[in-house]
Amino acid sequence: MRFLLATAMLLLSACATAPKPVVPAPITPTTSVHDTRGGLIGLNPSQLVSRLGNPALQVREGSSVKLQFRNTRCVLDAYLYPQTVNDLRVTHIDTRAPSGVDTNQTVCIATFERIN
């Protein structure tokens, strides 16, 4: 009896379908009309330069670019990634004091906009 039960279980398990592999959804940056980052997210390089002035540093890494803006009050790093071919857009920004301590992004952005 046990043999028949074990055989039946094996036969049924052989009929089961293989689990489908889980494919993660692609990560896409989201932007909001009420962005707390001073409306810099989504800008292209020329729009960013017209808002903040010329960058002090430009670093290219593969297809992405980091533009760094500096003044006496803060340092702003803007990371631009391609959204389509040859269309770089700001997807992330970091701000800090010249000493390296984190600072308020809104205040930092405002210091660049007042200077330029």
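In what order do the four strands form the open sheet, and is the pairing parallel or antiparallel?

Reply: The model is predicted; local features need pLDDT of at least 70, side-chain atom pairs count only at pLDDT 80 or more, and totals for chains, interfaces and linings use all residues. Residues are numbered from 1 along each chain as its sequence is written, and side-chain values use heavy atoms, with hydrogens and water left out.

The order in the open sheet is β1-β2-β3-β4, and the pairing is antiparallel. Two strands count as paired if DSSP finds at least two bridges between them. Strands (E, at least two residues) and helices (H or I, at least four residues) are DSSP runs, numbered from the N terminus. Strands of a sheet pair through backbone hydrogen bonds, either parallel or antiparallel. The edges of this sheet are taken by β1 (57–61) and β4, each of which has a single partner strand, so one side of each is left without a neighbour in the sheet. From one strand to the next, the twist averages 20 degrees; angles run from 0 to 180 degrees between N-to-C directions, and axes are lines fitted to C-alpha atoms, for helices over the stretch in contact.

The pairing may now be followed strand by strand. Five bridges pair β1 with β2 in the antiparallel sense. Leu-57 stands opposite Gln-68 in β2, and Glu-61 has Ser-64 in β2 as its bridge partner. The hairpin of β1 and β2 has two residues between the strands, and Gly-62 in this hairpin takes a positive phi near 65 degrees. On the way to β3, six bridges join β2 to β3, and the two run antiparallel. Here Arg-70 has Val-75 in β3 as its bridge partner. β2 and β3 also form a hairpin, with four residues between them.

In the loop between β3 and β4 lies Asn-86. Although Asn-86 is not a glycine, it has a positive phi of about 60 degrees. Asn-86 is exposed, with a relative accessible area of 79%. Exposed means over 50% relative accessible area, buried means under 20%, and partly exposed lies in between (1.4 Å probe, protein chains only).

By contrast, β2 is mostly covered, with five of its seven residues buried. Helix α2 lies across β2, β3 and β4, running at about 160 degrees to β3. A nonpolar core is a set of buried Ala, Val, Leu, Ile, Met, Phe, Trp, Tyr and Cys residues joined through side-chain atoms within 4.5 Å. Of the 18 residues in this core, Leu-40, Leu-48, Leu-52, Phe-69 and Leu-76 touch the most other members. Two or more residues each come from α2 (45–52), β2 (64–70), β3 (75–84), β4 (87–96) and α3 (105–115). In soluble globular proteins, nonpolar side chains tend to be buried together.

Leu-76 illustrates how these parts meet. Leaving aside its neighbours within four places in sequence, Leu-76 is in contact (heavy atoms within 4.5 Å) with residues including Leu-40, Leu-52, Phe-69, Cys-108 and Phe-112.

Two of those residues, Phe-69 and Phe-112, belong to the one aromatic pair that the structure holds. Their ring centres are 6.3 Å apart and their planes stand at 70 degrees, so the pair is edge-to-face. Rings of Phe, Tyr and Trp (its six-membered ring) pair if their centres lie within 6.5 Å; planes under 30 degrees apart count as stacked, over 60 as edge-to-face and the rest as tilted. The pair links strand β2, which holds Phe-69, to helix α3, which holds Phe-112, across 43 residues of the chain. Both Phe-69 and Phe-112 are buried.

The sulfur atoms of Cys-74 and Cys-108 are 2.0 Å apart. Cys-74 lies in the loop between β2 and β3 and Cys-108 in helix α3, so the pair ties together parts that are 34 residues apart in sequence. The link is right-handed, with 85 degrees about the S-S bond. Both Cys-74 and Cys-108 are buried.

Definitions and conventions
A disulfide is a pair of cysteine sulfur atoms within 2.5 Å.
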